[in-house]
Structure formats: C-alpha cells, structure tokens
Amino acid sequence: MSKSGSGPKVSSGRVSALRIPTEQPESDGTAEWNSTTVVLVEFAAGGFSGLGYSYANQAAANVAQELIEKVVIGKGAFEIPVIHLALDRKVRNWGRPGLVSNAISAIDICLWDLKAQILQQPLANLLGKQR
C-alpha cells in the first residue's frame, strides 16, 4: 500500500454515544449536570482503525452517523481537507454551530487518528508539535 495519495478507502464507520454519570452533581456556575455524553466515532480503512470523540448530546451521534454514511464512507482516508469541505457543504442548512460542529469534530479527529495509524506515526508528528 502506498503511503501517499488519498490512502485506503474508509470502508466502515461506527458511532456510539456513551452517557457517563458523574460521581456527584457538577456545576460551572452557568449550568448543572449529573452526567456527560461522549460521542465516539470509529473508522476502518485498509486494515487499520481510527477513533475520534466529542462531548455532545446523543443527537450529535445521529448527525455524525448520517454524515458518515452520506459523505465519508468510500473516501480516501488521507483526503481530510476534501472530506471536511464536503461535510461543511452537507450541513449548510442544518445549523453548523453547536451540535453539528461537535459531530464534525468527532469525525475529523477520527480521520486524523486513522491517518496516523495507517502511516504508523504519532498523531503529533502529523499535526505538528507546538508548545
């Protein structure tokens, strides 16, 4: 397999939403909560897998699943800017800030992790180290 170009095609994507209860109610002065929901995105391509996540409502998992099915599956795992632009275009009338942005973030993180796994490089090397 070539380590350049568009990379292997994303063959599958899975989304999970996990509600994690806090030990006790928490607050930041503007809101109170007793659990946190983590939206997990997993991609497979060329025998490798990537993992991405975002803290969001269960509804973001539904958005991520639809975006993965309509935009990501079948694209090259290294085509991250192309995929990101296609995601932005797809959600034009969905309400880009907030929930939809959280879904896209989980997808984006997963794509970068997948690329790092395929290239067998630390993610920090791909993104660039900055203090």
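**Exercise 1.** State the order and the pairing of the strands in the open sheet.

Solution. Three antiparallel strands make up the open sheet, in the order 1-2-3; strands are DSSP runs of E with at least two residues, and helices are runs of H or I with at least four, numbered from the N terminus. Two strands count as paired if DSSP finds at least two bridges between them. Strand 1 (12-27) and strand 3 (48-55) are the edge strands, each pairing on one side only. Between strand 1 and strand 2 (residues 32-45) there are twelve bridges. Glu-26 has Trp-33 in strand 2 as its bridge partner.

The model is predicted: local features need pLDDT of at least 70, side-chain atom pairs count only at pLDDT 80 or more, and totals for chains, interfaces and linings use all residues. Residues are numbered from 1 along each chain as its sequence is written, and side-chain values use heavy atoms, with hydrogens and water left out.

**Exercise 2.** Describe how helix 1 (residues 58-72) and helix 3 (residues 96-119) pack.

Solution. Their axes are 8 Å apart, at an angle of about 55 degrees; axes are lines fitted to C-alpha atoms, for helices over the stretch in contact, and angles run from 0 to 180 degrees between N-to-C directions. The contact (heavy atoms within 4.5 Å) includes Val-63 and Leu-67 of helix 1 and Ala-103 and Ile-107 of helix 3.
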